[in-house]
Amino acid sequence: MMTENAALMQRDLAVLWHPCTQMKDHEWLPLLPIRRGEGVWLEDFEGKRYLDAISSWWVNLFGHANPRINAALKQQLDTLEHVILAGFTHRPAIELSERLVQLTPPGLDRVFFADNGSAGIEVALKMSYHYWRNSGKPQKTRFITLSNSYHGETLGALAVGDVALYKETYKPLIMEVITVSSPDAWYREPGESAADCACRRFTAMRQALERHAQETAAVIVEPLVQCAGGMRMYDPIYLRLLREACNQYEVHLIADEIAVGFGRTGTLFACEQAGVTPDFMALSKGLTGGYLPLCAVLTTDSIYQAFYDDYQNLTAFLHSHSYTGNPLACRAALATLDIFASDPVLENNRRLARRMKQATESLKDHPRVMEVRQTGMILAIELIKDKRSREPYPWQERRGLRVYQHALKRGALLRPLGNVIYFMPPYVITPEQIDFLAEVAREGIELATAEGS
Ligand SMILES: *Cc1c(COP(=O)(O)O)cnc(C)c1O
């Protein structure tokens, strides 16, 4: 008889089409049906457990089936599941907006809701362009973006991203942007600090602004960590320089904190480490603790005012989603913020981050590990074919995938980005569980980098 796992996999493969997946892989790569989650653990239909080291694509903060978030959601469910947000409003949307305005850097005083990260990026891009149009500068239609950036996969969000894997195929469908080389500390010269590297590489941004400011609405960046681009990291000084230059050249700064927000980088928001307030900040993923899709786009009062006028002048912002500001999603976000308010989350994370560093320290000397880098609760291990020449493993060899497969065998969900193995765990992980992950990663790396393996 077929196991329940296998039976569900068979039913799934008969009807579903999975994200970011070559479906043919599942001829040999098992698909894992999950029965339940609890804390850092996911459990399949045979009772095997997997430690969710990547927070289910970076969304989960306080564990699966968190009792506090569950309780808040159950109550909301019995009160109001959804209502149109145009012409109507509700407590969860109001309270969440108030609290986000309070928590985010000073000056971000308005909240616009979208249904997911990509949709939120579309909102920020449209709002920025529309602001300039309402302000008598309709020629500002372009966007500046960093190399290796990722902002989602709808067409506008894809256009301002730069990860070839997602973008290349769809290029004929999307708008052209101005791409500037990123401040990525990976490109440090020998002896150069990450800060010096960021300053040096800022020259390209200054030049782009100088040349294109007249036609540019905004610069969009992922503050401190380019997550989908392989957890590449850079020094906060870059954000400070960028904020000053954007002011100077009258170009908006959009901070996409969809992945790095809510404590991932060590501060509640990554922008805090540079002491900057962007003109737009997009928050999603961890916003609802990993429960429901929701994005909040925050902006300044002066941008809001450029849309505020008599109806006949047609300056209103035009964007809507059916589920805008869904009460259940907002309630999950409020319950998540309650945990930040009542528990010393960031302080605990500092301890956990130190443990992640200690547990992986020795991997630095591994002949196939180029770098172990970390920003707060994100730690990445980049594999390399040749350390001296920095020749990467050909992507076709899918070395990272072997680490993934090994980890599953050992009871951990460690889904890599190409040749980058990373930990981005829920904040409820224990020090011992971090040690376990490091052990599993080490074993996986040994297997994956054995010659020709
Ligand atoms: C995940 C992500 C997005 C897209 O969010 P979705 O909800 O997946 O559409 C945008 N920007 C960044 C930085 C992300 O990590």
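Predicted model: local features only at pLDDT ≥ 70, side-chain atom pairs only at ≥ 80, totals over all residues.
**Stop 1: the ligand**

Select the ligand and display its surroundings. The shell around the ligand includes W58, N116, G117, S118, Y150 and H151. G152, E222, D256, I258, A259 and K285 also surround the ligand. Colour the shell by class: four residues are nonpolar, five are polar and three are charged.

Start with G117. A backbone N or O atom of G117 sits 2.8 Å from a ligand oxygen atom. Move to S118. Here an N or O atom of the side chain is 2.6 Å from an oxygen atom of the ligand. Then pick D256. An N or O atom in the D256 side chain lies 2.6 Å from a nitrogen atom of the ligand. How much of the ligand does the protein bury? The ligand taken alone exposes 380 Å², and the protein buries 83% of that.

**Stop 2: the cysteines**

Select the cysteines and show their sulfur atoms. The structure holds zero disulfides. A disulfide needs the two sulfur atoms within 2.5 Å. C20 is partly exposed, at 45% relative accessibility.

Jump to C330. This cysteine is in no disulfide either, and its nearest cysteine sulfur, in C295, is 12 Å away. Is C330 buried or exposed? C330 is buried, with a relative accessible area of 0%.

**Stop 3: aromatic pairs**

Show the Phe, Tyr and Trp rings. The count of aromatic pairs is 12. Select Y234 and Y238 among them. Their ring centres are 5.7 Å apart and their planes meet at 75 degrees, so this pair is edge-to-face. Planes over 60 degrees apart count as edge-to-face. Y234 is buried, at 6% relative accessible area. Y238 is buried too, at 0%.

Next, select F307 and F317. The centres of these rings are 5.9 Å apart and the planes stand at 85 degrees, so the pair is edge-to-face. Both residues lie in the loop between α10 (301–305) and α11 (327–342), so the pair ties together parts 10 residues apart in sequence. F307 and F317 are both buried.

Finish this stop with a group selection: F62, F262, F269, F340 and Y427. These residues form one aromatic cluster.

**Stop 4: a serine side chain**

Go to S147. It is located in the loop between β5 (142–146) and α6 (155–159). S147 counts as buried, at 19% relative accessibility. The cut-off for buried is under 20%. A polar atom of the S147 side chain lies 2.9 Å from the backbone nitrogen of S182.

**Stop 5: positive phi**

Two residues end the tour. Select M231, in the loop between β8 (225–226) and β9 (232–233). M231 is not a glycine, yet its phi is positive, at about 55 degrees. M231 is buried, with 0% relative accessibility.

Last, select L314, back in the loop between α10 and α11. Its phi is also positive, at about 50 degrees, and L314 is not a glycine. Is L314 buried or exposed? L314 is exposed, with a relative accessible area of 63%.

Methods. Residues numbered from 1 in each chain as written. Heavy atoms only, no water. Near = heavy atom within 4 Å. Polar contact = N/O pair within 3.5 Å; in protein donor to acceptor, adjacent residues only side chain to side chain. Areas by Shrake-Rupley, 256 points an atom, 1.4 Å probe, with all protein chains shown as cover. Nonpolar A, V, L, I, M, F, W, Y, C, P; charged D, E, K, R; others polar. Buried < 20%, exposed > 50% of the residue type's maximum accessible area, 1.4 Å probe, protein only. Phe/Tyr/Trp six-rings, centres within 6.5 Å; stacked < 30°, edge-to-face > 60°. Helix = DSSP H or I, 4+ residues; strand = E, 2+ residues; numbered from the N terminus.
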